[in-house]
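Open the model in your viewer and keep the sequence beside it. The stops below are meant to be selected one after another.

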Amino acid sequence: QVQLAESGGGLVQAGDSLRLACTASERTYSNSVMGWFRQAPGKEREFVAQIQWIGGRTSYSDSSVQGRFTISKDNARNTVYLQMSDLKPEDTAVYYCAGKRGWAAEYFTWGQGTQVTVSS
């Protein structure tokens, strides 16, 4: 079972930047995809961005993260990053990374999450 570990969360002020990292214990499938989700207090978990290990294909949520968040990867380190800039209080959430076995597949493995709090 692939294990995912997030890091990089914390308390920042509005307008600041933060980079989250998610390291996978292994990459079993060549077409596997890693994604970032977030869940704000009292809200459902929502998709943020995803990236394919081979080829680097990406997609982002249609929400306000477009243009402010960038997903990237380091294959040698089995690590996916989420660079967040111009953070807003509404970005406050627990951020989770997840993995799946193909672009159209369902996510089946999840990290435990990292808290991001943005103060105004």
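A residue counts as buried when its relative accessible area is under 20%, and as exposed when that area is over 50%, with partly exposed in between. Keep this in mind throughout, and note that the model is predicted.

**Stop 1: strand β4**

Select residues 33-39, which make up strand β4. Of its 7 residues, 6 are buried, so the rest of the structure largely encloses this strand. β4 is joined to strand β5 by 6 bridges, and the two run antiparallel. To see one point of contact, pick Q39 and find its bridge partner V94 in β9.

**Stop 2: strand β5**

Move to residues 46-52. This is β5, and it is mostly covered, with 5 of 7 residues buried. Show A49 in this strand and look across to W36, which stands opposite. Between β4 and β5 the hairpin has 6 residues, and there G42 takes a positive phi near 75°.

Next select residues 58-60, strand β6, which pairs with β5 through 3 bridges in the antiparallel sense. I51 has T58 of β6 as its bridge partner. The hairpin of β5 and β6 has 5 residues between the strands, and G55 in this hairpin has a positive phi near 100°.

**Stop 3: the aromatic rings**

How many aromatic pairs are there? The count is 4. Show the side chains of F37 and F47: the ring centres are 5.6 Å apart and the planes meet at 70°, so this pair is edge-to-face. Because F37 belongs to strand β4 and F47 to strand β5, the pair ties together parts that are 10 residues apart in sequence. F37 has a relative accessible area of 10% and is therefore buried, whereas F47, at 28%, is partly exposed.

Is Y107 buried or exposed? Its relative accessibility is 16%, which falls under the 20% cut-off, so Y107 counts as buried. W110, at 30%, counts as partly exposed. With all four residues shown, you have one aromatic cluster: F37, F47, Y107 and W110.

**Stop 4: charges over rings**

Select K100 and W103: K100 lies over the face of W103, 6.0 Å from the ring centre. Then select R101 and F108, where R101 lies over the face of F108 at 4.2 Å from the ring centre.

Key: Residues numbered from 1 in each chain as written. Predicted model: local features only at pLDDT ≥ 70, side-chain atom pairs only at ≥ 80, totals over all residues. Heavy atoms only, no water. Buried < 20%, exposed > 50% of the residue type's maximum accessible area, 1.4 Å probe, protein only. Helix = DSSP H or I, 4+ residues; strand = E, 2+ residues; numbered from the N terminus. Pairing = 2+ DSSP bridges. Phe/Tyr/Trp six-rings, centres within 6.5 Å; stacked < 30°, edge-to-face > 60°. Lys NZ or Arg CZ within 6 Å of the ring centre and 35° of its normal.
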